[in-house]
Structures are given as C-alpha cells and as structure tokens.
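Subject: Structure handover

Hello,

Here is the structure you will be working with. Please open it next to this email and read the notes with both in view.

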Amino acid sequence: LNKDDRPDGNAMWNALRRMVDARRRATGAPAWSPPIVRTVASAGTGIAELVAAVVAHRAHLDETGALAVRRRARDRQRLASVAAALLE
C-alpha cells in the first residue's frame, strides 16, 4: 500500500485486507496469502519490508514448484502465440 501517509491510508489498508480475506474465503485457504505492506515511497518508508515480502513470495514459489508451473504455462502461451502468428 503506497502513499500510506495519506489521510485515507488506514481506510485503504482495511479495504485491501477485506479483499484479501474475501479472496481467501472464496477460494479456500491459498498456499500464499499476499501481505499488505505499508509504504511511503517518497520517504523511503516500508521499502525494506516490501523487498522482504517479494523475496518471501519468490521463495514460496520456488519451494512449492509454482514458479516452474507458471513459467511452463507462460512458455506454452508464447509458443501458441508465435505459432498462430506464423499461421496467419
């Protein structure tokens, strides 16, 4: 959540938290629930926490094999797009 220093920062954080919770309830407990990291980019606040969250998500994708699955799906899509373009 960037611009957390704005007056509506807490309201936005609460709205995002409700969306994440609603997604979790709708889909069942996902393997990864995205954290909401409060940042103020202009002041450099929360950047270390944001980097840590990105690194943790990457580690989770590596550990579960989800990164490889995503890459294979992306590669298949690219191949299909190239093939379709060549056929046209």
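The model is predicted, so local features need pLDDT of at least 70 and side-chain atom pairs count only at pLDDT 80 or more, while totals for chains, interfaces and linings use all residues. Residues are numbered from 1 along each chain as its sequence is written, and side-chain values use heavy atoms, with hydrogens and water left out.

Side chains of opposite charge can pair when their charged atoms come close. A salt bridge here is a side-chain nitrogen of Lys or Arg within 4 Å of a carboxyl oxygen of Asp or Glu. The structure holds five salt bridges; some of them are described here.

Helix H2 (residues 47-64) contains Arg-58 and Asp-62, four residues and about one helical turn apart. Helices are DSSP runs of H or I, at least four residues long, numbered from the N terminus. Arg-58 and Asp-62 form a salt bridge, with 3.4 Å between the closest N and O atoms. Arg-58 is partly exposed at 40% relative accessibility, and Asp-62 is partly exposed at 45%. Partly exposed lies between buried (under 20% relative accessible area) and exposed (over 50%), using a 1.4 Å probe and protein chains only.

Salt bridges with shared partners also link Arg-17, Asp-21 and Arg-24 into one network. Asp-21 pairs with Arg-17 at 3.6 Å and with Arg-24 at 2.9 Å, N to O. Arg-17 and Asp-21 are four residues apart in helix H1 (residues 9-27), and Arg-24 and Asp-21 are three apart in helix H1.

Regards

Key. Helices (H or I, at least four residues) and strands (E, at least two) are DSSP runs, numbered from the N terminus.
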